[in-house]
Each structure stands twice: as C-alpha cells, then as structure tokens.
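Keep the structure in view as you read.

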Amino acid sequence: QVQLVESGGGLVQAGGSLRLSCAASGRTFSISSYILAWFRQAPGKEREFVSAMHWSRGTTSYADSVKGRFTISRDNAKNTVYLQMNSLKPEDTAVYSCAASSLGSFYLTSTKEGSYGIWGQGTQVTVSS
C-alpha cells in the first residue's frame, strides 16, 4: 500500500504562489503504475478535481479553473508529486488533498474522485484578497 503525506499549504495574498508537495511512501516500487492527483474542497462545497499526472507516462490533466496557473510535476527520486500554484485567487481557498489511483495500467489520467483509493490528510490553502 502507498501512503501519501501533503505539505506546503499556507496563507498567501491574491496573485501570489505556493507549491504543494505530496510524498509517497510504503510500496512505492509499484508507483510507476499509479496516477497521482490533487483535489480540493472549499468550505460548504463538494471536493473537486484539480490536476492529475500518470507517474510513469507523465500524462497530465487540469481542471479548467486552474489551467495556465497550476502545474503538476513529480520527482522520481523523492517519490514526490508537486502542485505549483501561481496567480492564486481567493476562490482557490480550500483544503488540498493528494490522491493516488492504482488504475494507471488502464488509464493515463482520471478526473473522477472514485478512481482514487488512497488519500492524504490534506493541507489548507488560504488566499486573501
């Protein structure tokens, strides 16, 4: 089983940047067949897809709301996936969670929450206006 731990959240002014990290541990030898993703949940709203990356193929996908502002990447040596968030807006305020899907042998990416069976604890991102 793979475990995920997020870090890097915090408080930032609108227009600023943050980089979130998601470190994978445990059975990471199997991570090449995983899809790693970021989801977020704002207060009073449902959790929504932000971005995903196929670990070995490098295929990425983004929600329309973050395209051109957020970038997902990975460091193979550190078993870590990152979410670089630029030009942050108050509406980006949410708890951001990292997730992993073992369906990477069948799909290049997935925006569906149900595809992900492993979740981190989440990290708070607050963007002030």
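Buried means under 20% relative accessible area, exposed means over 50%, and partly exposed lies in between, with a 1.4 Å probe and protein chains only. The model is predicted: local features need pLDDT of at least 70, side-chain atom pairs count only at pLDDT 80 or more, and totals for chains, interfaces and linings use all residues. Residues are numbered from 1 along each chain as its sequence is written, and side-chain values use heavy atoms, with hydrogens and water left out.

Q: Is F39 buried or exposed?
A: The cut-off for buried is under 20%. F39 has 1% relative accessibility, so F39 counts as buried.

Q: Is G68 buried or exposed?
A: G68 sits in the loop between β6 (60–62) and β7 (70–75). Strands here are DSSP runs of E, at least two residues; helices are runs of H or I, at least four residues; both are numbered from the N terminus. The relative accessibility of G68 is 82%, so G68 is exposed.

Q: How is the disulfide of C22 and C98 turned, left-handed or right-handed?
A: A disulfide is a pair of cysteine sulfur atoms within 2.5 Å. The sulfur atoms of C22 and C98 are 2.0 Å apart. The torsion about their S-S bond is about -80 degrees, so the disulfide is left-handed.

Q: How many residues apart in sequence are the parts that C22 and C98 tie together?
A: C22 and C98 are both buried. C22 lies in strand β3 and C98 in strand β9, so the parts tied together are 76 residues apart.

Q: How many aromatic pairs does a search of the whole structure find?
A: Rings of Phe, Tyr and Trp (its six-membered ring) pair if their centres lie within 6.5 Å. Planes under 30 degrees apart count as stacked, over 60 as edge-to-face and the rest as tilted. The search finds three.

Q: What is the distance, centre to centre, in the pair of F39 and F49?
A: F39 is in strand β4 (residues 35–41) and F49 in strand β5 (residues 48–54), 10 residues apart. Their planes are 80 degrees apart, and the pair is edge-to-face. The distance between the centres is 5.7 Å.

Q: Why is the pair of F39 and Y116 edge-to-face?
A: Y116 counts as buried because its relative accessibility is 4%. The ring centres of F39 and Y116 are 5.3 Å apart. The pair is edge-to-face because the planes stand at 75 degrees.

Q: Which residues form one aromatic cluster?
A: F49 belongs to the cluster, and F49 counts as buried because its relative accessibility is 11%. The cluster is formed by F39, F49, Y116 and W119.

Q: Which residue lies over the face of W119?
A: A charge sits over a ring if NZ of Lys or CZ of Arg is within 6 Å of the ring centre and within 35 degrees of the ring normal. Over the face of W119, at 3.8 Å from the ring centre, lies R47.
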